[in-house]
Every structure is written in structure tokens, then in C-alpha cells.
Amino acid sequence: MAVLRLVLGDQLSDRLTALEGLDPAADTVLMAEVRAEATYVRHHKQKIALVFAAMRNHAERLRARGVRVRYVAIDDPDNSGSITGELARALDAGPYGRVVLTECGEWRLAEHLAAFAEGAGLPVEIREDRRFICSHDRFRRWASGKSQLRMEFFYREMRRATGLLMDGDQPEGGRWNYDAENRKKAPRGVKPPQRLRITPNAIAQGAMADVACLFPDHFGALHDFGWPTTAEEAETVLEDFLANILPGFGDWQDAMAEDQPWMWHGLISTSLNLGLLDPVDVCRRAEAVYRAGRAPLNAVEGFIRQILGWREFVRGIYWLKAPEYRARNFLDADRNLPWFYWSGETDMACVADVVRTTRENAYAHHIQRLMVTGNLALLLGVHPDAVDDWYMAVYADAYEWVEMPNTRGMALFADGGIVGSKPYAASGAYIDRMSDYCGGCRYDVKSKSGDAACPFNRLYWGFLERNRGRLRDNPRLAMPYRTLDGFGEAKRAALAAEAEACRTLLGATPRD
Ligand code: FAD
Ligand code: DLZ
Ligand code: SF4
């Protein structure tokens, strides 16, 4: 009997398990643009346009292969507004013998789909998502019995398992990790290479117009939309990166510069997360560039580590620890997110630049996310729910399985040390070292107290003092705590008061 096959907006891969065994003569693929997915956080307009455009392009691709697609557009008057509602409507229009889908990427929707499966009245088969390099089973086996889960050791195992950058059973070049060579500061006035952005095709333009009309009050601008919305466009961006940008990826991986949103980064997370690119294929092609002598090992190893290591690791952690991971707040952070995270209206030059480019592009690179907006939210003690909502809303590549371990784990240490071994708390000196932001800032990065001092400096020691009970025994923080202890009680109290004044000044008010 005919099978109804669900394809979600981030499942746009030819080799999706939900499509395995598809009979074009009998089966129907269901794709639905729904308000519930577009509004459970107020996603950046570019993210919604990207997902809708990529879904529409993918539906055309399937149809061109003779597949029957039931496509429900966002403005369809009968649209029920949710994925499960659209599954129910499709079944009513049946008849179908069963429903097949691929597990989804967020706990929230997974719960809805499980409830639907329970009451559907026909078999619902939920298949594994095999578009990742490490299966749930493999990750569980790796994690089992370990008191600490560290990305570095997981990554080594994945290198061995895939043979990527291996020389027999040894790492290529004799070392697993070349991170120490990937921390160069970009010289002042640096001009990163010109980037290839995609001109929206007709379908993407239609999606952009729909989003402008239907989601006018969501965050972000649409006019600079340049994301790939087909597998072919994603391929073009990847090719350009591998040929022209990858050689500099390592050296400048941690560097930031004003008005330079892309630096030497890949701009491929949107395509990987939608399914337009395949992660292992991307890694193998990056390795081939190295083997052909066209990019140095520190660049290629660094790039592969992000995908084979970090991307797979955070996904493994999310599914190993969910759903309780979503409620973790190890540091008891309890403040509101300052309004300038949305408006960009702040005198902090680094934050203003990141929020502005985030609004224009639905993108910021890793160090901006971690060490500018993430670090500030950590130092301010913003509640992880508010920070998660912001990161989920503002980036075009945001899906909870990857966003949450990065935000709650890596940036906020709200998981108490599952993703990272210590909080990435840093004063303004770090931002000054890795960027050209501070030169043009109203605040003084060399100054530690008072209204003219860099807020990162004003907040840093107070953060450590506030969290003494939770962080004092962390061996990786032994040195800063020794320094803090050496200040004596009166100075420590003054530093705590300084940080408190700064939290108030920046609008990180207590949550109700
Ligand atoms: P590149 O720097 O070129 O890296 C290549 C690829 O490696 C990326 O496309 C991505 O797939 C992968 N990668 C790199 N770092 C990470 C990482 N820490 N975790 C997982 N994959 C990684 N990434 C998302 O895809 N979605 C998110 O919602 C997201 N939220 C984040 C929130 C915070 C607080 C932080 C610190 C990081 C977050 N990241 C997220 C990771 C990273 O910032 C983005 O993957 C990266 O900026 C995407 O740009 P790119 O393709 O140019 O990456
Ligand atoms: C992100 C997103 C958006 C904005 N809209 C849709 C949609 O209308 N229909 C759909 O099938 N998927 C959408 N998505 C992606 C889903 O939110 C995503 O599949 C789940 O969050 C699981 O990762
Ligand atoms: Fe950011 Fe402080 Fe530098 Fe200003 S002085 S750009 S706030 S780090």
C-alpha cells in the first residue's frame, strides 16, 4: 500500500532515509511550510526565507525525478500551521498504509512526532538520520563509562574511523591538532578575500517576498540574502572556499575585524544543516586539497576538526543528554538579555559590529559568537533560556541540536562542563588581541573600572567572585582564582560591586 513520506525543512538530502525504498508510482512525499516551525522562536527573516526557498527548490528537484510531492505552502488557506497537523491532513486525503519519516533534529518536534505516531492509527516508522558521520549508537558506545567527554578524544576516534588525515594509524604530520598555529591576529585594516555570495534564484526571491509579507516583525534584514538554496549553489560556494579561502582558514580562524563578517570562514553551515552538503564529502574534499599541496595542514586539519570533531560531538552530546540538557543552568544565571542584543544600539564597538552583521547576514563567525556575544552573556549572568532563544533566532544555521550545546555548553558553561572543561570567560584583552575593534571603541580596553572602562574588564573579576562556589575548584581556573585571592577581601568586594554596577548599566536586569 502507498506510503506517506515526510521530508522536513532541514532534511533536503537525496540520501535521506525517509526516501529509501520510495515507489514513485504509489508513494507521496509530504513537505509543509508551517507557522509552528517558523515562529517557535522569532527566526531571522533570512532563516525562514532560506528554509522555505530550499524546501521549494527541493520539491521541484524531487518532482523532476518523477516523485509525487504534496507541498503545502505557507499561504495555503487550508494550512493547519503545524507539521503534525499537515501529516493528519495528508492521511485524511489518503489512503496510505503507513508513514515513514527520518528522526528530526530537535527534541521539541521529536516529541510532537512521537505523540502523532502514537495516535496515528497506522504504522509510523521513524528512521535514523544517517547524514551524520557518527551514529547515535557509536556516540553512546564512545561515551559509555567515561567520566568526562572531551571533543579532542572523540575527534581522534573519528579520524581513525574515517581515515581522514591519517598516515597509517598515526595522524598526518605527527600531531592530531594544529590549533596552536590557528590563533593569529589579523593585521590592522586586513582585507580578507572577496567572497562568493549567491544571487537568489526566482524561487528564493518568491520565498523572500513571502517572508517580508508574513513575518515583517521578525529580526533581521532580507536585502543581503546570499545563501545557497539548492545543492548546486551550495556546491559552488564550497568549491570557491576550497580553491580560494581554505589555505588561510587556519591562520585566521580566531581573528575578528570590524566590518569583515566572513574572514576566512567556510559559510557552509547553512548548507550542511539543511542537507544540501554532505559532511563527510566536505571533509574528504578538504583533505584532497591538502594532499594536492594546495593548502597547509594547519588549515585543513583545523577545518576538518570543526566538522568531524565539533559538529559531530555537539550533536552526540545533545541527543545523549536531552531533554534534561535543555534545563541546565549550572551557574544559576538569572539576568535578562540586554536589549542591545536585538537593536545593536551600544557603544561597545565589538558587540555593535557583531549584532549589526548578524542582523544583515543572519551570520557571525565562531569567535564572534563565542567570545563577543557569548562571553558577554556569560559575564553578565544572562539566563541560558534567554541566550538560547537569541542564538536560535538570529542565525540562519540555527537548529537546537547544534545551537544548544554551543550556547548552553560552550559559551555559558550552563552544563557544568560537559562540552567544555572551563568557561570561556575573558576580559577585553582577548578581544583586543584578536581584533581591531578596540581602537574605535568609546570604552577603554586598558582601563579596569569606572564608566569609561571596557565592560568586559569591569565584569570579568566580578564574574569569578560571584561564581566562586561553583568554579573555584576547576583546575583550569586555578590561576585566575589565585590572582583574585591575592587581591584581598576589600578589593574583591570592590570588584564585585564594579561588576554589579556594569550589569545594571548594560541592562542585564534580574528576571522576574
Ligand atoms: P567555519 O568556521 O567555516 O567551520 C566549518 C564548519 O564546521 C561549519 O560550517 C560547521 O558546520 C562546523 N562547525 C564549526 N564550529 C562548530 C561548532 N562549534 N559546533 C558545530 N559545528 C561547528 N553552528 C551551527 O551550525 N548552528 C548553530 O546554531 C550554531 N550556534 C552556535 C552558537 C554559539 C554560541 C557558538 C559559539 C557557536 C555556534 N555554532 C553554530 C558553531 C559555529 O559558530 C558555526 O557553525 C559557524 O560559525 C558556521 O559558519 P561557517 O560555516 O563559516 O563555519
Ligand atoms: C526551521 C524551519 C522553518 C523556519 N520552517 C519549517 C517549515 O515550515 N517546515 C518544515 O518542515 N521545517 C521547517 N523548519 C525546519 C524545522 O524546524 C526542523 O526540521 C526541526 O526543527 C528539526 O530540526
Ligand atoms: Fe569591546 Fe571592550 Fe574593545 Fe570596546 S574596548 S571593542 S567593549 S573589548
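Visitor: Where's Leu-506 found?
Guide: Leu-506 is found in the segment after helix H21 (489-505). Helices (H or I, at least four residues) and strands (E, at least two) are DSSP runs, numbered from the N terminus.

Visitor: What kind of model is this?
Guide: It is a predicted model, where local features need pLDDT of at least 70 and side-chain atom pairs count only at pLDDT 80 or more, while totals for chains, interfaces and linings use all residues. Residues are numbered from 1 along each chain as its sequence is written, chains are lettered from A and ligands numbered from 1 in the order in which they are written, and side-chain values use heavy atoms, leaving out hydrogens and water.

Visitor: Back to Leu-506: buried or exposed?
Guide: Leu-506 is buried, as its relative accessible area is 9%. Buried means under 20% relative accessible area, exposed over 50%, and partly exposed in between (1.4 Å probe, protein chains only).

Visitor: And what does Leu-506 touch?
Guide: Leaving aside residues up to four places away in sequence, Leu-506 touches Pro-338, Phe-340, Met-348, Leu-376, Leu-380, Pro-455 and Leu-459. Contact here means heavy atoms within 4.5 Å. Take Pro-338: 168 residues separate it from Leu-506 along the chain, yet their C-alpha atoms are 6.5 Å apart.

Visitor: Which residues surround ligand 3?
Guide: Met-348, one of the contacts of Leu-506, is also one of the residues around ligand 3. Others in that shell include Ala-349, Cys-350, Gly-428, Ile-431, Tyr-437, Cys-438 and Phe-456. Being in the shell means having a heavy atom within 4 Å of the ligand. Helix H13 (349-361) and helix H17 (428-434) are the elements that give two or more residues to this shell.

Visitor: New topic. Why is helix H16 described as largely enclosed?
Guide: Helix H16 (residues 400-411) is largely enclosed by the rest of the structure because 11 of its 12 residues are buried. Among the buried ones are Glu-400, Trp-401, Glu-403, Arg-408 and Ala-411.

Visitor: What covers those buried residues of H16?
Guide: The cover includes helix H4 (107-119), helix H9 (269-274), helix H11 (297-321), helix H14 (366-380) and helix H15 (384-394). Just after H16 comes Phe-413, with a positive phi of about 55°.

Visitor: Which other residue has a positive phi of about 55°?
Guide: Leu-267 does, although it is not a glycine. Leu-267 is in the loop between helix H8 (231-249) and H9, and it counts as buried at 6% relative accessibility. Asp-332, also not a glycine, has a positive phi near 50°; its place is in the loop between H11 and H12.

Visitor: Where are the cis peptide bonds you can show me?
Guide: One runs from Gly-94 to Pro-95, with omega near 10°. Pro-95 is in the loop between helix H3 (83-92) and strand E4 (98-102). Another joins Ala-322 and Pro-323, where omega is about 0°. Pro-323 is in the loop between H11 and helix H12 (340-343).

Visitor: Last one: Arg-159, buried or exposed?
Guide: Arg-159 counts as buried, at 0% relative accessibility. Arg-159 is found in helix H6 (residues 151-162).

Visitor: What's around Arg-159, then?
Guide: Not counting residues up to four places away in sequence, the residues that Arg-159 touches include Leu-164, Pro-171, Glu-172, Arg-175, Trp-176, Glu-301 and Leu-308. Gly-309 is 150 residues from Arg-159 in sequence, and 8.6 Å from it in space, C-alpha to C-alpha.
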